[in-house]
Amino acid sequence: MDFKNLCLADFQNKGEVNITELAADFMQFRQALNAERLHNYRRISNSGSTPVMRVQDEHTGQEREMLYFASNDYLQLTHHPKLIAAGHAALDKYGAGAGSVPLLGGTTDLQIEVEKKVAKFKGCEDALIFTSGFGSNSGAIAALLGEKGIAILDLLVHASIIDGCAGKETKFFKHNDMGSLEFTLKKLADRKVTKLVIVDGVYSMDGDIAKLDQICDIAHKYGALVMVDEAHATGVIGAHGRGTPEHCGVEGKVDIVAGTCSKAIGVVGGFIASSKNIIEYLHYFARSYMFSTAPTPQALASIGAALDVIENEPALREKLWDNIRHFRSGLEAMGVDMGNAETAIFPVIVGDNAKVRELCRDLHERNIYVNPVEYPAVPRRLARIRFSLMATHEKEHLDYALNNLEAVMRKHNCL
Ligand SMILES: Cc1ncc(COP(=O)(O)O)c(C=O)c1O
């Protein structure tokens, strides 16, 4: 098997090969990658999300202490004492699980309290919390579009948004290109159905920010609603960490604010914040909410505590931004292609799947944990390594990563 030229796209189930055979072929590919130490997914952590992570090395069977640059736990709230204490208290009071779906007995006073907090934080009338960000996007979008609605998506939106649009009429506009958005909406001007423009606030593989003020103006001019996915923006951008609407000065103008509780919020779950009417509608029509057990009490309580920390402990966000500036200037000095990165996510664009795997392997050997982002996740010419920073990284961690990145990139003729 010429595994070096193969990638996940080659094993996608197109229905031509029986799944048992396809899975066996895929296993062979996985093992070939393993043998060359080129498999860099699903590394197992013995310590959770910490800037210095204890990782099981699948090749040696030994534990490695690695600098972790693959977390979305931007403020490291996963380990914040206030989140942990709130989670413990909720476990004691409500037990380990909600016991039922929200509509049929699973809604607690705790869930209502935290949903109100999310709504206030996002400047919306009301909110609801799902068990995952993937489920909140896919379930809410399908419900909002219904049978005839049209989704107008930025080309780089997250997979959960694409899945929400399955079976729906969907148009794409060029990434963050306002001319392309307006052109797309103009062509739909005569269609008297729900039109929903959906963007990410901060793009997960590129770290750039949606031009949300312009997007709101253009969409509303053509009678479309705007939905923004705040997964990588909440807690990171905006003067108070309230995300893209705050950063772009359009709080209260975005029709649907979606997000996840698994990144800077440091827990798990997803939310939709919007008008009272839209939220009430979603209680009954977003299938991933209606037909799925309510979030655990521990998660809800920790999410509530996280919002308080984001509001009351700005020093964490300031430290994150110090790190962002330091890392950016290091990458600039090195001359790497980091696209239009503006936030805590830094793509190091290499443009070659095989090289990305080799660079990640060599960085792993130097105890630096980064994720490869290969085709088909991004176009081949944009294959990359993705660094993400946390507030709790120290300058020495960043410098160690920068120095070693430079060394391995030179070794592989990428600089
Ligand atoms: C932009 C974006 N939206 C949504 C999600 C899904 O969130 P969750 O991990 O809470 O399911 C992710 C997570 O990877 C994401 O990056």
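The talk below goes from domains to cores, then to pockets and cavities.

Guide: This is a predicted model, where local features need pLDDT of at least 70, side-chain atom pairs count only at pLDDT 80 or more, and totals for chains, interfaces and linings use all residues. Residues are numbered from 1 along each chain as its sequence is written, and side-chain values use heavy atoms, with hydrogens and water left out.

Visitor: How is the chain divided, and what distance separates the centres of the domains?
Guide: Domain bounds come from an automatic or database domain assignment. The chain is split into domain 1 (49-74 + 314-411) and domain 2 (80-312). Taken over C-alpha atoms, the distance between their centres is 27 Å.

Visitor: How many residues does each domain give to the contact?
Guide: Contact means heavy atoms within 4.5 Å. Domain 2 gives 24 residues and domain 1 gives 17 residues.

Visitor: Which residues touch the most other members of the largest nonpolar core?
Guide: A nonpolar core is a set of buried Ala, Val, Leu, Ile, Met, Phe, Trp, Tyr and Cys residues joined through side-chain atoms within 4.5 Å. Buried means under 20% relative accessible area (1.4 Å probe, protein chains only). The largest core has 89 residues, and those touching the most other members are Val197, Leu331 and Phe387.

Visitor: Which helix gives the most to this core?
Guide: Helices are DSSP runs (H or I, at least four residues) and strands are too (E, at least two), numbered from the N terminus. With nine residues, the top contributor is helix 11 (residues 297-312).

Visitor: What volume does the largest pocket have, and where does it lie?
Guide: On a 1 Å grid over the protein atoms alone, a cavity is a set of points where a 1.4 Å probe fits but cannot get out, and a pocket is an open set with protein on both sides within 12 Å along at least five of seven lines; lining residues have an atom within 4 Å of a point. Grid points are joined across faces, edges and corners, and a volume is the space filled by probe spheres set on the points. The largest pocket holds about 1200 Å³. Both domains supply lining residues, so this pocket lies between domain 1 and domain 2.

Visitor: Which strand gives the most to the lining of the largest pocket?
Guide: The lining has 39 residues, and among those closest to the centre are Ser204 and Val373. With three residues, the leading element is strand 13.

Visitor: Which residues are closest to the centre of the second largest pocket?
Guide: This pocket has a volume of about 180 Å³. Of its 16 lining residues, the closest to the centre are His158, Asp229, Ala231, Thr260 and Lys263.

Visitor: How does the lining of the largest cavity divide by class?
Guide: There are two cavities of 30 Å³ or more, and the largest holds about 70 Å³. Ala, Val, Leu, Ile, Met, Phe, Trp, Tyr, Cys and Pro count as nonpolar, Asp, Glu, Lys and Arg as charged, and the others, Gly among them, as polar. The lining has no nonpolar, five polar and five charged residues.

Technical notes
Buried means under 20% relative accessible area, exposed over 50%, partly exposed in between (1.4 Å probe, protein chains only).
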